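This briefing goes through one protein model by topic. Keep the sequence and the structure in view while reading.

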Amino acid sequence: MSFQIHPNDLPAFMQQQIDDIRLIQERYAWFLDGIFAGKSFEKKKGQRKTSLAQQIEKKGLEPFVSGVSLGADSKVDAPKVNAQFCIRGTGREAEVVEKMYFDRLLDFVYAEFMKGLQKGFVPKRCANCGRWFLQKPGATYAYCTGAAPGQDGKTCREIGASSSFRSKVENNDVWKVHQRAYKKYFARIRSGLMTKGEFEVWSRQAADLRDAALERYAQAKGEDERQRIAQEVAEALNEE
């Protein structure tokens with residue numbers, strides 16, 4: 001036997017909590033998706049990071065930070081929060097802490113959400129599976145560390161890193177010649193023609209040469225110039 005409770009039969013305070021949770025899921029997901037829409041989740045080497053506040057301001061979403069329901073009028077739906085400071089602990093462990101009191105679930109989640117954003121903790125959708133994950137301060141990941149659907153135990157981040165690297169190599173001639181040379185010299189370790197130490201020295205020099213060439217490649221004004229840069233890299237990497 002099963003019982004179903006009609007929404008109209010719920011106590012008013014319970015129905016309010018349910019409504020708040022739905023609003024949180026809808027509005028906060030929309031807000032975060034709006035921030036990152038069309039934005040590269042991961043930064044490539046040498047790219048300058050854009051702060052979260054800059055991204056919000058650039059998208060014209062700054063008014064929506066001010067209200068509990070992510071509305072534009074801070075006077076209408078600002079959070080109802082009571083704060084108090086007190087001493088916690090004794091002796092050397094004593095510290096001043098803040099106590100906050102909330103009458104609504106919505107106010108509590110809003111305050112915690114914004115405090116997290118202030119410190120760089122940002123919820124993001126995984127670019128592979130679509131699940132939410134928490135990105136920590138300083139990180140710019142596109143993929144979560146959860147199991148990737150249908151990938152035999154590999155994580156979305158592992159799948160994403162492999163896919164991103166393949167795409168990077170396939171679409172850039174400098175990366176192509178670097179990878180060909182890398183495989184060539186790595187094979188010499190197994191054949192005994194090069195020691196591991198010698199390969200590591202070559203690898204570091206090759207990476208520096210590649211990165212310098214990538215900057216020139218990105219600024220090239222035409223295909224002929226890009227091909228010339230790639231050819232120069234290929235010759236330099238394969239010097240005996």
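A crossing of two helices is called right-handed if the near helix is turned clockwise from the far one by less than a right angle, and left-handed if it is turned anticlockwise. By that rule, the crossing of α6 and α8 is right-handed. The model is predicted. Its secondary structure comes to eight helices and four strands.

**Overall make-up**

- From the N terminus on, the order of elements is α-α-α-β-β-α-β-β-α-α-α-α.
- The protein has 240 residues, and buried residues make up 28% of them.
- Among contacts with a separation of 6 or more, 41% are between residues 24 or more positions apart.

**Helices α6 and α8**

- Two packed helices are described by the angle between their axes and the distance between the axes.
- Helix α6 covers residues 173-191 and helix α8 covers residues 223-237; their axes come within 8 Å and cross at roughly 15 degrees.
- That angle makes α6 roughly parallel to α8, because angles under 35 degrees count as roughly parallel.
- On the α6 side, the residues that meet α8 are Asp173, Val174, Val177, His178, Ala181 and Tyr185.
- On the α8 side, they are Glu223, Gln227, Ile229, Ala230, Val233, Ala234 and Leu237.

**Helix α7**

- Helix α7 (residues 196-219) has 24 residues.
- From its first C-alpha to its last, α7 reaches 35 Å, close to the 34 Å expected at 1.5 Å a residue.
- The buried residues of α7 are Phe199, Trp202, Ala206, Ala207, Arg210, Asp211, Ala213, Leu214 and Tyr217.
- An α-helix has 3.6 residues a turn, so residues three or four places apart point the same way.
- The buried residues of α7 pack against α6 and α8.

**Helix α4**

- Helix α4 (residues 105-118) has 14 residues, which should span 20 Å at 1.5 Å a residue.
- Just after α4, Gly120 takes a positive phi of about 95 degrees.

**Strands β1 and β2**

- Strand β1 (residues 81-88) pairs with β2 in the antiparallel sense, over eight bridges.
- Val81 stands opposite Phe102 in β2, and Ile87 stands opposite Val96 in β2.
- The hairpin of β1 and β2 has six residues between the strands.
- In this hairpin, Gly89 takes a positive phi near 90 degrees.

**Asp77**

- Asp77 is found in helix α3 (residues 74-77).
- Is Asp77 buried or exposed? Its relative accessible area is 15%, and the cut-off for buried is under 20%, so Asp77 is buried.
- Asp77 and Gly67 are 10 residues apart in sequence, and their C-alpha atoms are 5.2 Å apart in space.

Notes: Residues numbered from 1 in each chain as written. Predicted model: local features only at pLDDT ≥ 70, side-chain atom pairs only at ≥ 80, totals over all residues. Heavy atoms only, no water. Helix = DSSP H or I, 4+ residues; strand = E, 2+ residues; numbered from the N terminus. Buried < 20%, exposed > 50% of the residue type's maximum accessible area, 1.4 Å probe, protein only. Expected span 1.5 Å × (residues − 1). Pairing = 2+ DSSP bridges. Axes fitted to C-alpha atoms, helices over the stretch in contact; angles between N-to-C directions. Parallel < 35°, antiparallel > 145°, perpendicular 65-115°, else oblique. Contact = heavy atoms within 4.5 Å.
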